[in-house]
Amino acid sequence: MSLWIWLLIACALAYAWKLVGYFVPARLLEDPRMSRVAGTMTIGLLASLTVVNTFATGQSLAVDARLGALVAAAVALALRAPFLVVVLAGAGTAALLRMLGWN
Amino acid sequence: MTLLASPAVRMGISISIATGLYGVSFGALSVTSGLNVWQTMALSLLLFSGGSQFAFIGVVAGGGSGIAAMSAATLLGMRNGIYGMQLNALLHPTGWRKYVAAQLTIDESTATSSGQTDPAEQRRGFWAAGIGIYVLWNLFTAIGALAGSGLGDPKQWGLDGAAVAAFLGLLWPRLKGREPVAIAAVCAVATVIAVPFVPAGVPILVAAVVAAVIGWFSHGRSDEGLEPDVDPFRERHHGTHRAGDAGPGATG
């Protein structure tokens, strides 16, 4: 139940961010610092989420089939594959490595 | 002129299909990371911002708390506020349109709109991409969620690998130049160091703080990291359209 509450708060705050942009004075746009922080934070969060989902299991670090998924995704992205193909490459590689006995 | 003759509308439709399709992967990953179908749909209908939605389920999948999931999603949503400022300056929506436009303000609709030069085309591009993505993203989220809930053990299908690939896929288009790569590397290392010492989900917030500090004190491009997940101008990279090489902020 409590997940629902945090989920709805996340939805409300996401809309608040979007809406705030339409109501702040346009001259704030001229300060590049805010948009730079928004940009670097986007990069940092996505890099962190990639690492956590690859190496973390709760509070421990592990190297397993997910590393294969990361490599496969990187190769697909380097070959300019569409997003969905990248995701399928990650899933397929992890599944295949597990079938071969590497967890 | 019929709507379909507008280049911005045609671009909006093709970006809608490309973006909407990967709603399938969000839906399937969401239900296998522990959310139910209704929670999954609530994220796509109400939160409606791909990166933040993946962040929310990514934290939950890793055993993180609801508050950590909410925090990661919210920090990742900050850039939509920047897009809102750009779109408000471009489109000047009034009355109720402002509130609808806000909900449709995401990477792809901003990029489609700000890449146009004619004001009427900017408006058409925004609404075509925004509405199109909203409809298809939710439709494909539902398909993915329903299919995902029948899958059984998600690990057997490599769905944890799919999540890894999805996050790398979201990060990839933003790694243009040396500084974004350096920021990503520093935040990746900070995450690995933090994992054993703090509860699940918190390492992501540590990385966010590190990234924010770098952004505050650095002097890089102001639109760094503000590239769309799916670039509407991608097919024109070799053409004459300059906006194809820049993020939405560059023209807005």
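This is a predicted model: local features need pLDDT of at least 70, side-chain atom pairs count only at pLDDT 80 or more; totals for chains, interfaces and linings use all residues.
**The interface between the chains**

The contact between the chains brings together 92 residues of chain B and 70 residues of chain A. On the chain B side of this contact, the largest share comes from helix 10 (residues 159-171), which supplies 13 residues. Sorted by class, the side of chain B that touches chain A holds 55 nonpolar, 29 polar and 8 charged residues.

**Domains**

In chain B, the domain assignment gives domain 1 (7-163) and domain 2 (175-225), and the centres of these two domains, taken over C-alpha atoms, are separated by 22 Å. Their contact takes 10 residues from domain 1 of chain B and 7 residues from domain 2 of chain B. Helix 5 (residues 66-76) of chain B gives the most to the domain 1 side, with 5 residues, and that side of domain 1 of chain B has 5 nonpolar, 5 polar and no charged residues.

For chain A the assignment gives domain 1 (33-62) and domain 2 (63-103), with 19 Å between their centres, again taken over C-alpha atoms. A UniProt entry, which is unreviewed, places the feature "transmembrane region" at residues 40-58 and 70-97 of chain A. In the model, residues 40-58 of chain A are 84% helix and 11% strand, with end C-alpha atoms 26 Å apart. Residues 70-97 of chain A are 86% helix and 0% strand, and the end C-alpha atoms of this span lie 12 Å apart.

**Helix packing**

| Helix pair | Axis distance | Angle |
|---|---|---|
| Helix 3 (residues 37-47) of chain B and helix 4 (residues 50-61) of chain B | within 10 Å | roughly 150° |
| Helix 1 (residues 2-23) of chain A and helix 7 (residues 96-103) of chain B | within 8 Å | roughly 130° |
| Helix 1 of chain A and helix 5 of chain B | 9 Å | about 15° |

Helix 1 of chain A and helix 5 of chain B pack at an angle of about 15°, which makes helix 1 of chain A roughly parallel to helix 5 of chain B. The crossing of helix 1 of chain A past helix 5 of chain B is right-handed. From helix 1 of chain A the contact draws on A:Ser2, A:Leu3, A:Trp6, A:Ile9, A:Ala10, A:Leu13 and A:Ala14, and from helix 5 of chain B on B:Gly66, B:Ile67, B:Ala69, B:Met70, B:Ala73 and B:Thr74. By class, these residues divide into 10 nonpolar, 3 polar and no charged.

Helix 1 of chain A also passes helix 7 of chain B in a right-handed crossing, and because their axes cross at roughly 130°, these two helices are oblique to each other. Here A:Tyr15, A:Lys18, A:Leu19 and A:Tyr22 of helix 1 of chain A meet B:Lys98, B:Ala101, B:Ala102 and B:Gln103 of helix 7 of chain B. The residues of this contact comprise 5 nonpolar, 1 polar and 2 charged.

Within chain B, helix 3 and helix 4 cross at roughly 150° and are therefore roughly antiparallel to each other, with helix 3 of chain B passing helix 4 of chain B in a right-handed crossing. In this pair, B:Leu43, B:Ser44 and B:Leu47 of helix 3 of chain B meet B:Ser52, B:Gln53 and B:Phe56 of helix 4 of chain B. The contact residues divide into 3 nonpolar, 3 polar and no charged.

Methods:
Residues are numbered from 1 along each chain as its sequence is written. Chains are lettered from A and ligands numbered from 1 in the order in which they are written. Two residues are in contact if their C-beta atoms, placed from the backbone, lie within 7 Å. Helices (H or I, at least four residues) and strands (E, at least two) are DSSP runs, numbered from the N terminus. Ala, Val, Leu, Ile, Met, Phe, Trp, Tyr, Cys and Pro count as nonpolar, Asp, Glu, Lys and Arg as charged, and the others, Gly among them, as polar. Domain bounds come from an automatic or database domain assignment. UniProt positions are given in the numbering used here, feature names are shortened, and annotations may be inferred rather than shown by experiment. Axes are lines fitted to C-alpha atoms, for helices over the stretch in contact, and angles run from 0 to 180 degrees between N-to-C directions. Angles under 35 degrees count as roughly parallel, over 145 as roughly antiparallel, 65 to 115 as roughly perpendicular and the rest as oblique. A crossing is left-handed if the near helix is turned anticlockwise from the far one by less than a right angle, and right-handed if clockwise.
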